[in-house]
Amino acid sequence: MANDDNVDHLRTVERLSNILKITPNLKSISIIQHDEPLILEEQHLALSKKTFKELGLFSRQTFLKFIKKESSPSRDSTLDELSTVLIVLNPDDNKYWNYRKRLCQKCSKNQTDKLFLELKLSSCSLKLKPKCSEPFIHARWLLTNYREIVSEQTIFSQLKMCEDSAEHYKHNYYSWIHRLWVIKTFFSTKLLEKELEWSKGWMESHISQFCGMNYRFNLLLISSAHQNPDSDVQKCKTFVNEVSYVVDLVLFYPETESLWCYLGLILSYCSANQIECDDSALFHVRAIDNRFSRRFQKRDSNPEIAKNTFQQETFLNSLDFRKLFNLCFSRLGSRSSSIEKETNHITLHN
């Protein structure tokens with residue numbers, strides 16, 4: 001009976017390995033309660049809970065047993081399949097990734113299909129566990145060792161992998177670190193321009209997530225570093241425009257803490273590098289505080305208004321908001337007093 005189970009498990013390993021290698025653009029991998037061990041529909045893969053548990057245990061035990069055997073075509077093929085399955089079922093264990101690296105080292109560095117397959121497996125392993133460092137580490141190792149054959153398509157597939165994992169898990173630092181590494185390693189002006197445009201869209205659709213904002217700030221630093229050293233005007237313009245852009249977002253989403261943190265980050269950089277911001281942007285920064293100070297005074301004096309106040313405004317009346325606002329406005333320099341006198345009539349967007 002045990003031998004029959006082992007044969008069934010080996011067949012399932014072979015089938016799962018083939019699905020992971022052959023299926024183009026696998027969209028998701030999930031664990032469900034089902035009688036069928038594997039289900040693949042419209043590029044969505046599902047494993048039954050029973051299969052996930054039993055296959056993981058069987059694959060680990062079989063891998064450790066086969067790795068001790070002498071090399072042979074049968075043994076190598078089985079280990080290839082087992083390691084493929086294990087890096088998806090248990091991506092945190094680096095011994096399976098190290099085995100995949102040894103397989104790569106046996107191949108020629110001109111094999112584009114091998115690079116494509118390994119990067120695809122890295123992407124597949126993030127479908128089940130998006131916040132995991134090992135797939136990104138393996139991808140960087142591959143891109144470094146196969147750099148001569150890395151194409152533009154490969155680079156954009158890596159950016160898509162990072163976007164998907166960041167979408168599936170908030171504050172996915174491994175994803176953002178890898179994305180920034182890709183931009184720095186394969187830098188081009190065209191790539192940076194596309195990435196700056198993409199990061200703006202990400203910020204606007206994930207307004208409460210600071211990770212994307214911090215990533216955009218790093219892109220701006222890269223852009224600044226690659227500009228003409230003698231062109232201070234262009235460098236200043238980049239960050240002045242960013243301040244105006246972030247202030248516009250703050251006007252629409254004044255209760256969003258991450259935007260205030262990002263505004264403080266940009267203004268701190270401008271202050272440290274003696275970059276003077278646009279007066280109209282600074283004018284609106286002070287206007288935000290004036291407007292909400294009046295709103296909360298009115299609310300606190302009227303119990304009925306206080307009862308109907310939106311819960312999300314709690315941040316605006318908190319100590320955290322006050323600290324962030326003071327940090328931002330302290331960066332405005334000597335013009336802050338003159339700006340403050342003129343900001344009593346500004347209307348915020350609702």
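Predicted model: local features only at pLDDT ≥ 70, side-chain atom pairs only at ≥ 80, totals over all residues.
Q: How many residues does the largest nonpolar core have?
A: The largest nonpolar core has 54 residues. Ile183, Val243, Tyr262 and Leu263 have the most contacts inside this core.

Q: Which helices each supply at least two residues of this core?
A: Those helices are H5 (112-128), H6 (133-145), H7 (152-168), H8 (173-185), H9 (189-205), H10 (210-225), H11 (232-252) and H12 (257-272).

Q: Which residues does the second core include?
A: The second core is separate and has 27 residues, including Leu26, Leu79, Val88 and Leu89.

Q: Turning to voids, how many cavities of 30 Å³ or more does the structure hold?
A: There is one cavity of 30 Å³ or more. The space in the largest cavity is about 40 Å³.

Q: Which residues line the largest cavity?
A: The lining consists of Ser123, Leu126, Lys127, Met161, Asp164, Ser165 and His168.

Q: Which elements give two or more residues to that lining?
A: Helices H5 and H7 do. The largest share, four residues, comes from H7.

Q: What is the make-up of the lining by class?
A: The lining of the largest cavity has two nonpolar, three polar and two charged residues.

Key:
Residues numbered from 1 in each chain as written. Heavy atoms only, no water. Core = buried A, V, L, I, M, F, W, Y, C linked by side-chain atoms within 4.5 Å. Buried < 20%, exposed > 50% of the residue type's maximum accessible area, 1.4 Å probe, protein only. 1 Å grid on protein atoms, 1.4 Å probe; cavity = no way out; pocket = protein on both sides within 12 Å on 5 of 7 lines; lining within 4 Å. Points joined across faces, edges and corners; volume = space filled by probe spheres on them. Nonpolar A, V, L, I, M, F, W, Y, C, P; charged D, E, K, R; others polar.
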